[in-house]
Amino acid sequence: MAEILSSFGLALRLIAGADAEFMRIVALSMGVSLASAALACAIGLPLGAVVAVAAFPGRRSVIVVMNALLGLPSVVVGLVVYLLLSRAGPLGAWGILFTPGAIVIAQTLLVVPMVAALSRQTVEDAWHEYREQLTSLNVRPARAVATLLWDARLSLFTVALAGLGRAFSEVGAVMIVGGNIDGVTRVMTTAIALKTAEGELPLALALGIVLLAIVLALNAGAYAIREWSAPRHG
Amino acid sequence: MASGRSRDVLPLEVRDLGVRLGGRQVLQGIAFRLDAGRRTVILGPNGAGKTSLLRALHGLVASTGSITWGGGGRQRGAEAMVFQHPVMLRRGALANVEYALAVNGVDGAERRRRARTALEQAGLWLLAGQPARSLSGGERQRLALARAWALRPRILYLDEPTASLDPGAAAAVEQEIGRIHEAGTRIVMTTHRLGLARRVADEILFLDDGKLVEQTPADRFFAAPSSAEARHFLDGELP
Amino acid sequence: MKNTLSLVNRARIAFGAALLAAAPLVSANDFITVASTTSTEQSGLFKHLLPAFTKATHIDVHVVAVGTGQALDMGRRCDADVEFVHDKAAEEKFLHEGFGVKRSDVMYNDFVLIGPRSDPAHVKGLGIDAALKKIAEAKPAFVSRADKSGTWAAEVRAWKHAGIDIEKTKGPWYKETGSGMGPALNTASGMNAYLLADRGTWLSFKNRGDLEILVEGDPELFNQYGVMLVNPAKCPHVKKELGGKFVDWVLSPAGQETIASYRIGGQQLFFPNAMR
């Protein structure tokens with residue numbers, strides 16, 4: 001218990017001290033996580049919406065697979081991406097293994113299924129409500145997808161935040177494709193793993209507290225934005 | 001409204017129309033013809049198939065048999081419908097009308113002008129910026145009507161337009177419908193309010209148990225309907 | 001048509017794209033990728049050694065620290081420029097397969113036998129052979145990394161040298177964690193077990209619990225490090241000039257002295273022994 005309390009103090013000192021290495025790790029975490037969450041939403045939201053609205057053969061199987069991917073183990077994704085990006089692999093020529101770019105790719109692949117599966121359900125529920133009215137107004141399917149995405153934006157915003165949280169907390173895949181290189185691909189989660197392995201538990205815990213604080217701050221900010229925009233649109 | 005329609009969508013001719021929903025035959029052997037210039041009200045007891053008929057005519061449910069518009073196929077842009085529970089998007093009242101116009105190819109200044117006119121005519125201009133979903137039932141119905149009217153449809157379907165409205169709102173809607181008719185749009189409406197039917201209808205389509213029992217000019221229908229079912233209906237219904 | 005992507009999301013996408021574009025440009029300097037081991041990284045050596053190298057050559061070093069098996073596999077996959085590990089047998093095999101150019105001794109550190117202060121197997125102060133024999137008899141809790149690392153390979157050799165067939169003798173007392181040095185130490189600390197650790201990681205390890213060094217100094221426990229350039233003939237993208245500079249520097253008097261000057265708590269950890 002004393003260990004946990006002392007870690008809070010250590011966490012505050014880390015933030016106040018703003019040591020260069022610490023700031024670099026925090027900045028990198030935020031960069032790769034925001035980037036992969038954004039990419040995952042750009043891909044996953046329309047994907048989920050299209051599956052929700054479109055009728056095509058095998059639709060139900062697609063939905064089953066999408067939901068199943070929610071349980072995709074991250075180390076598996078990490079390993080697959082590693083094998084793809086390795087020099088010996090098909091995409092080796094890109095030369096982005098062990099760079100933040102590789103981390104963004106792995107994290108995006110992990111977050112897309114989550115965003116797609118959740119947005120599909122949200123948009124499908126909205127579609128049931130809107131379908132007849134939109135058909136009556138001559139809204140074509142492509143336009144309907146866009147309209148549903150915008151109208152369900154409050155719920156989808158929460159989906160996006162869930163994706164962001166998932167990105168922030170990823171460690172296994174990031175370790176494999178990033179290599180946890182000091183000063184290059186060390187993010188908060190892999191730093192915590194390293195400190196734990198080194199037996200520096202109070203520092204590891206302090207980093208964990210800082211990570212939680214960042215995620216909390218981001219969510220609070222997002223909530224504030226939502227509250228501010230909600231009354232204007234109802 | 002996207003103009004450039006090559007031919008008129010009226011007369012609307014329906015032959016041997018059938019609709020099956022949830023394993024049940026809700027409409028069967030429906031046949032009638034709607035010419036221009038008249039207001040048609042569809043009457044019938046609960047479960048007769050009035051809403052299903054409207055949905056079938058508007059293309060929202062699959063049907064057997066044939067429907068022709070002016071001898072040809074459906075022209076999507078020539079119809080609009082006001083649902084009993086209209087769905088509004090999560091945006092302002094004016095924005096909802098603008099959306100409908102935008103989707104139907106009206107852009108820029110003309111879109112803004114037509115949307116504004118639609119709201120003003122419906123007496124809703126003061127609510128232009130209000131979130132549409134926060135409007136009262138009556139306001140929402142009038143907004144739905146304004147939205148449909150902004151599209152200048154040739155045929156306007158209305159499903160129980162005053163069902164959940166108070167007398168004031170109902171009167172406003174009725175007035176709107178009258179104005180739309182004057183402007184040349186073909187009105188096809190369902191209602192269970194006989195008073196509204198009497199005031200609005202030029203002709204009545206009477207449905208019972210999924211079949212079209214009679215198509216009669218309104219004054220003759222209310223004075224002396226030809227079918228026994230209609231007589232039963234008029235006797236039993238509240239005015 | 002109203003764009004469905006909110007301003008916030010559009011900004012995020014732009015940022016993501018920028019990050020991806022910038023990914024290869026992480027550092028302004030040239031850099032090499034060195035595959036090394038977790039125990040070496042956790043000893044803190046790199047934080048001491050690499051800045052000196054970068055200062056002298058303006059070449060950054062990106063260290064990917066994994067188990068020896070994985071480190072050499074990285075070389076086979078051409079994902080590293082230089083190998084810096086401590087398992088001579090595995091390194092020579094790597095060389096023999098044609099993936100390395102030349103193997104040079106760099107430095108050595110030693111392993112120590114860690115165990116609980118209570119020492120139920122009574123091994124304190126013994127040579128490593130005798131100590132392992134006693135442990136095989138008494139069967140107290142013993143943590144093994146079992147992860148194809150250099151340390152694990154050394155442990156396996158030590159059992160063999162003591163005349164014990166560990167595959168036959170092991171039982172529930174022998175815990176194979178499949179993990180790096182730090183986690184294995186954490187586990188040993190948690191269950192008051194014996195384990196063979198490299199001195200470097202032990203000196204930096206802070207979660208010792210009741211553990212202490214029971215056996216040390218036996219020449220059998222010396223842990224030799226080797227450095228190799230990955231073969232450009234097999235891996236065309238290997239940075240052979242830059243990598244070669246690293247190999248040369250680490251073997252040079254300047255590099256060797258930097259290695260020797262690394263201390264934890266006043267104690268020297270690594271002993272340079274490159275051939276002159």
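This passage looks at the overall build of chain B and then at one of its strands, β3(B). The model is predicted, so local features are described at pLDDT of at least 70 and side-chain atom pairs at pLDDT 80 or more, while totals for chains, interfaces and linings use all residues. Residues are numbered from 1 along each chain as its sequence is written, with chains lettered from A and ligands numbered from 1 in the order in which they are written.

Chain B holds eight helices and nine strands (DSSP runs numbered from the N terminus: H or I of at least four residues for helices, E of at least two for strands). Its C-alpha atoms fill a box of roughly 55 × 40 × 35 Å along the principal axes. The radius of gyration of chain B is 18 Å, which agrees with the value near 18 Å for a compact globule of 239 residues (taken over C-alpha atoms; the rule is 2.2 Å times the number of residues to the power 0.38). Of these 239 residues, 47% are buried (20 or more other C-beta atoms within 10 Å of the residue's own, with C-beta atoms placed from the backbone).

Strand β3(B) runs parallel to β7(B), residues 186–190, and four bridges join them (pairing requires at least two DSSP bridges). Here T40(B) stands opposite V188(B). Pairing of β3(B) with β8(B), residues 203–208, is likewise parallel, over four bridges, and V41(B) faces I204(B) across this pair.

Conventions
A residue is buried if 20 or more other C-beta atoms lie within 10 Å of its own, exposed if 12 or fewer, and partly exposed in between; C-beta atoms are placed from the backbone.
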